[in-house]
Amino acid sequence: MYARSAAATAAAVMGVCAFLLPTSAAHASTATAQTATDTDRPLVVAHRGASAYAPENTFAAIDLAADMGFRWVENDVQRTKDGELVIVHDDNLKRTTNVEEVFPDRAPWKIKDFTAAEIAQLDAGSWFDPKFAGARVPTLTQYMNRVRHNHQKLILEIKKPELYPGIETDTLRVLKKTGWLDPHHIKSKLVIQSFSADSVKEVHKQRPDIKTGFLGTPAVADLPKYAEFADQINSTHTTISADYVAAIHALKGPRHKPLEIFTWTVNDAPSAVRAAGFGVDGIITNTPDVVRKAVSGEDD
């Protein structure tokens with residue numbers, strides 16, 4: 001239903017694999033799609049892009065989210081052997097690429113053991129559906145440029161920072177180079193989150209103007225400590241309640257604005273309605289169309 005052609009995700013080799021921008025025809029649906037705004041509550045965030053319908057963390061997934069009218073997407077950032085930041089969720093390449101075929105003798109196929117040029121050779125789409133053959137693993141630089149091209153906004157997750165000392169500094173360097181650390185982007189287009197409190201603290205230390213999120217469900221008594229360095233507490237939806245959301249909203253974050261909560265990963269209508277009823281600020285989902293319909297009360 002929402003599939004894009006493989007050509008929309010084909011890589012054009014330039015250094016570590018640059019990508020073709022979509023044609024205007026490929027984005028024709030954007031103009032007619034229902035587009036969420038930042039005044040909507042809860043915000044609906046496309047998790048790794050529209051990842052129920054296209055291979056996660058690829059251009060195909062975020063392009064599709066844009067075509068469906070979703071302004072906010074989420075991704076995962078890790079680091080290669082030669083220091084390039086790439087967009088992959090797992091700390092290895094086995095699940096979402098053909099790495100076993102291309103490099104059969106390199107088990108367990110950890111990202112940190114491959115160069116960016118090697119990863120650029122991999123097919124990151126066929127595992128999901130043959131129609132996405134040719135999709136590549138984007139670098140963070142390529143991804144940020146694509147998100148900007150799509151007029152989208154980003155929740156960026158620093159994944160497993162314990163494996164990549166200094167990845168916070170590397171991430172901020174790429175964001176600055178791609179123009180994402182100017183006042184406009186920082187004010188309304190970017191959140192950096194992590195399951196690691198130390199990683200979130202480091203981002204906040206280096207750039208206290210950037211909105212940050214801690215992934216987890218701290219005890220209510222501990223929330224004030226997290227509010228010193230995190231603007232959001234982003235909890236899995238099975239661990240929260242209306243009282244927990246109210247406890248978060250009762251606090252102010254490090255930038256002296258009310259603490260927020262974005263919950264994840266909500267992929268069905270009843271769970272979306274439940275989370276929205278708790279008063280969450282955002283819902284992160286693989287099926288953004290399903291969640292949008294549920295929380296907006298649209299009829300079939």
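Helices here are DSSP runs of at least four residues, and strands are DSSP runs of at least two.

**Figure 1. Overview of the predicted model.** The protein holds eleven helices and eleven strands. It has 300 residues, and 55% of them are buried. Of the contacts with a separation of 6 or more, 62% join residues 24 or more positions apart. The accessible surface comes to about 12,600 Å². Carbon and sulfur atoms own 55% of that surface.

**Figure 2. Helix H1 against helix H4.** Two packed helices are described by the angle between their axes and the distance between the axes. H1 spans residues 59–67 and H4 spans residues 140–149. Their axes come within 10 Å and cross at roughly 15°. Angles under 35 degrees count as roughly parallel, so H1 and H4 are roughly parallel to each other. The crossing of H1 past H4 is right-handed. H1 brings Phe59, Ile62 and Asp63 to the contact. H4 brings Gln142, Tyr143, Arg146 and Val147. By class, this contact of H1 with H4 has four nonpolar residues, one polar residue and two charged residues.

Figure 3. Is methionine 68 buried or exposed? Its relative accessibility is 5%, and the cut-off for buried is under 20%, so methionine 68 counts as buried. Aspartate 289 lies 221 residues away along the chain from methionine 68. The C-alpha atoms of these two residues are separated by 7.5 Å.

**Figure 4. Helix H11 and its cover.** H11 runs over residues 288–296. Its buried residues are Pro288, Asp289, Val291, Arg292 and Ala294. Which elements cover the buried residues of H11? Among them are strand S3 (43–47), helix H10 (269–278) and strand S11 (282–285). Glycine 297 follows H11. The phi of glycine 297 is positive, near 75°.

**Figure 5. Proline 165 in a loop.** Relative accessibility is 64% at proline 165, and the cut-off for exposed is over 50%, so proline 165 counts as exposed. How far apart are proline 165 and arginine 79 in space? The distance is 9.7 Å, C-alpha to C-alpha. In sequence, proline 165 and arginine 79 are 86 residues apart.

Definitions and conventions:
Residues are numbered from 1 along each chain as its sequence is written. This is a predicted model: local features need pLDDT of at least 70, side-chain atom pairs count only at pLDDT 80 or more; totals for chains, interfaces and linings use all residues. Side-chain values use heavy atoms; hydrogens and water are left out. Buried means under 20% relative accessible area, exposed over 50%, partly exposed in between (1.4 Å probe, protein chains only). Contact means heavy atoms within 4.5 Å. Accessible areas come from the Shrake-Rupley method with a 1.4 Å probe; for residues, only the protein chains shown count as cover. Axes are lines fitted to C-alpha atoms, for helices over the stretch in contact, and angles run from 0 to 180 degrees between N-to-C directions. Angles under 35 degrees count as roughly parallel, over 145 as roughly antiparallel, 65 to 115 as roughly perpendicular and the rest as oblique. A crossing is left-handed if the near helix is turned anticlockwise from the far one by less than a right angle, and right-handed if clockwise. Ala, Val, Leu, Ile, Met, Phe, Trp, Tyr, Cys and Pro count as nonpolar, Asp, Glu, Lys and Arg as charged, and the others, Gly among them, as polar.
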